[in-house]
Amino acid sequence: MPQPEIPDFVSLLPDRVWYLTQSGQDMWCRRPHGFFFTSSQAAIDFAAAVGTELDLQPIGVASKELISEEGIAAMNALAVTRIFVDPRFDPETGDVYGQILRIAPKAAGVV
């Protein structure tokens, strides 16, 4: 399977981003979607709006860590190919919407 490639998202993300976790480390996601937030409160509000039964807590990390080779490998292991940034939840439809960053497989032969 080709390794994922991520464009220069550092320019699109603040220095620190938050994600939701139940374990205290692993990112909660809805494959193929992951969720980044620009504040702890935005993450808390999203978790409340989605209404999951899990006890999700926000963790703030340097955005450079999340989009490093190790961070991308972790998202690949979770089968996450799209990241919502500050997503919104529509309670009537159950849809999540907002800005999406795509993680695409590298083209064959590209290093």
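Modeller: Strand E3, residues 33–36, runs parallel to E5, and four bridges join the two. Within this pair, Phe 36 stands opposite Val 85 of E5. Please bear in mind throughout that the model is a predicted one.

E5 also pairs with strand E6, residues 96–102, here in the antiparallel sense and over six bridges. In that pairing Phe 84 has Ile 100 of E6 opposite. E5 and E6 form a hairpin with six residues between the strands, where Gly 94 adopts a positive phi near 80 degrees.

Taken together, these strands make an open sheet of three, in the order E3-E5-E6, with mixed pairing. E3 and E6 are the edge strands; each has a single partner strand, and therefore one side of each is left without a neighbour in the sheet. On average, neighbouring strands of the sheet are turned by 40 degrees against each other when direction is ignored. Helix H1, residues 40–50, packs on this sheet and touches E3, E5 and E6. The direction of H1 makes about 70 degrees with that of E5.

Setting aside residues up to four places away in sequence, Ile 83 touches Met 27, Gly 34, Phe 36, Met 75, Gln 99, Ile 100, Leu 101 and Ile 103. Ile 83 belongs to the largest nonpolar core, which has 16 residues. Leu 13, Met 27, Phe 36 and Met 75 join Ile 83 as the residues with the most contacts inside that core. Strand E2 (16–21), helix H3 (69–77) and strand E5 (82–89) each contribute at least two of its residues. In soluble globular proteins, nonpolar side chains tend to be buried together.

An α-helix has 3.6 residues a turn, so residues three or four places apart point the same way. After H3 comes Ala 79, which has a positive phi near 65 degrees.

Ser 63 counts as buried because its relative accessibility is 2%, against a limit of under 20%. Apart from neighbours within four places in sequence, the contacts of Ser 63 are Leu 13, Pro 14, Asp 15, Arg 16 and Val 17.

To set this part in the context of the chain, the protein has three helices and seven strands, arranged along the sequence as β-β-β-α-β-α-α-β-β-β. Of its 111 residues, 33% are buried. Among contacts with a separation of 6 or more, 63% are between residues 24 or more positions apart. The chain exposes about 6,800 Å², of which carbon and sulfur atoms supply 51%.

Methods. Residues numbered from 1 in each chain as written. Heavy atoms only, no water. Core = buried A, V, L, I, M, F, W, Y, C linked by side-chain atoms within 4.5 Å. Buried < 20%, exposed > 50% of the residue type's maximum accessible area, 1.4 Å probe, protein only. Contact = heavy atoms within 4.5 Å. Pairing = 2+ DSSP bridges. Areas by Shrake-Rupley, 256 points an atom, 1.4 Å probe, with all protein chains shown as cover. Axes fitted to C-alpha atoms, helices over the stretch in contact; angles between N-to-C directions.
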